[in-house]
Amino acid sequence: MNNNYNYAFLDEGSKREIRRSVLKAVAIPGYQVPFGSRELPIGRGWGTGGLQLTLSLIGPDDILKVIDQGSDESVNAVNIKKFVGLCTDIKTTKNTREATIIQTRHRIPEVPLRSNQILIFQVPIPEPLRVVEPREEITKKMHAEKDYSPIWLQLYESLVKYKKVTIPTEYPCMVEGRYVMNPSPIPKFDNPKLNKADCLYLFGAGREKKIYAIPPYTEVISLAFDDVPFERESFAGKICCLCGSKNTYLDEMFDAQTGEKFYQCSDTSYCQEVRQNVSK
Amino acid sequence: MYLNEIPELTIKNLTVRYGDGCPDCQNNLEKNRCTVCETIWAANDISFDVYPGEVLGIVGESGSGKSTLMRSLYFDFFPTFGTATLKNFKDGEANIWDASVAEQRMIKNTIMGMVYQNPILGLRMDYSAASNIAEKIIAAGSRNAFQMNARVTELLEAVEIPTSRMSEPPKNFSGGMQQRVQISKALANNPAILLLDEVTTGLDLSVQARVLDLIRKIKAKHGISILLVSHDLAVIRMLADRTIVMLDGKIVESGLTDQILEDPQHAYTQQLVHSLI
């Protein structure tokens, strides 16, 4: 551990302020709580919101896992893990079941999370209404008045143009019947995992200076018209070329030599676990 | 004619002022501007009723306060003072400008429909025509896509826009078509009052005729109250049952349209009528 910095890099006052914001976010599920986003030795937009949450919550007994689009080994994930390791003495892991805090970008692990685990999302754009209203002043009023017609209009526009809702990621959802929330840019495949989950989900947007949360067992419903139900991406007929999984979110890849298309689990640690179990 | 009827809309002492005003403002007005404190009285003590099923024409020169009146009614901005009550809102006993934001939204989406002079103000130019109309239906609480599609189709057919073009954005449409999309949008939730702000201005004569014909059909079919702002007396003559003449933010004359046009009393109205003839 590098002793030139405070434990977990941030000063204790900053951590306390972030924890207070987290408490407020947990108390009002789906509500975006403003916070004083700190400077970190990584650029804003590279996971500073998630990282600040991780640094303020982490303690000596925690075990940290960091994933980027499902992968434990991407540059962003490895660097964040190294950084947290440098300014704490915590153990890091690739095993989802072993971790107590998981920081993620763009995915929820395939393994169902438990009540003693926290999943921290790195969020680029926390405001679900930003696509329909550029002014923060107006979106705040819309949330206050529960005026979500424009987001429904966006869904309807998609039906008019393409005969189906074509929003692949950041699919808006209603939290506990009150706030429409942007579930970070996770694929809509992962949206159902947010509903009535055992774990705590925290969302941090460092550049936009917002924190929000989904506490355990909260109702999170993806927006859908009465007669056009919400649908996840379908991977019917496709399997992971490494572990043979059929029920996971798959990345589409191409062989550089032959140009042949194949699929692979996006969640690399889950894929590895399945392969290990098979080999045993 | 309307003695036994309860007005659909009642406006009392509507005043929209730009500036703080001074104690002697009303005595120092040059047109609608106070020569002492330079306050502009865009609408000055306007009162009138709109009865069920009638078309009330509002006529006047540019800057006379017609659009200010209409846009105040549609909550685009709020008057300095005055009250407006609607028969269909709290039994006509509550001032709509004191309503909560949610109530105002309900009034805008279900009791009133607005067609702006400039379609950019009334339409989302990047969304499809169907979505522009559905916006009102969604805002009124519908979450059934099939029912919305059916209503959108019905409304587009009523304004003679081919349903094959419903997925196109209004920016691809002509000015007349844009106005007709606005009219369908305004009618989406069967409002009790339709606000038409210079709907034919800037359109060529044949397109004007189609839009006016459409308004006449709407009046005949739906029997809704229409507030029709225009500076074109021919439009007023064709559609309005009663007419209000505005000048410098004030009502200078009001009465049955035929009476106003055939026997104008106020000097400005006489000038207006004679300039037409």
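A residue is called buried when its relative accessible area is under 20%, exposed when that area is over 50%, and partly exposed in between, using a 1.4 Å probe and protein chains only. By this rule A:S184 is buried, with a relative accessible area of 1%.

This is a predicted model, in which local features need pLDDT of at least 70, side-chain atom pairs count only at pLDDT 80 or more, and totals for chains, interfaces and linings use all residues. Residues are numbered from 1 along each chain as its sequence is written, chains are lettered from A and ligands numbered from 1 in the order in which they are written, and side-chain values use heavy atoms, with hydrogens and water left out.

A:S184 sits in the loop between strand 7 (179-181) and strand 8 (200-205) of chain A. Helices (H or I, at least four residues) and strands (E, at least two) are DSSP runs numbered from the N terminus. The side chain of A:S184 reaches the backbone oxygen of A:Q122 at 3.3 Å. Contact means heavy atoms within 4.5 Å. Leaving aside residues up to four places away in sequence, A:S184 touches A:F121, A:Q122, A:V123, A:E170, A:F203 and A:Y212.

B:L123 lies in the loop between helix 3 (119-122) and helix 4 (129-139) of chain B. The C-alpha atoms of B:L123 and B:I58 are separated by 24 Å, and the two residues are 65 apart along the chain. Residues up to four places away in sequence again left aside, B:L123 touches B:N132, B:P170, B:Q178, B:V181, B:Q182 and B:K185.

| Residue | Relative accessible area |
|---|---|
| A:S184 | 1%, buried |
| B:L123 | 6%, buried |

**Chain B as a whole**

Chain B has 10 helices and 11 strands. Its radius of gyration is 19 Å, close to the 19 Å that the globule rule gives for 277 residues, so chain B is as compact as a globular protein of that length. The radius is taken over C-alpha atoms, and the rule is 2.2 Å times the number of residues to the power 0.38. The C-alpha trace of chain B spans about 60 × 45 × 40 Å along its principal axes. Of the 277 residues of chain B, 53% count as buried.

**Helix 1 of chain B**

Helix 1 (residues 66-73) of chain B is mostly covered, with 6 of its 8 residues buried. These buried residues are B:K66, B:T68, B:L69, B:M70, B:S72 and B:L73. Just after helix 1, B:F75 takes a positive phi of about 65 degrees.

Methods:
A polar contact is a pair of N or O atoms within 3.5 Å; within protein, one must be able to donate a hydrogen and the other to accept it, and residues adjacent in sequence count only if both atoms are side-chain atoms.
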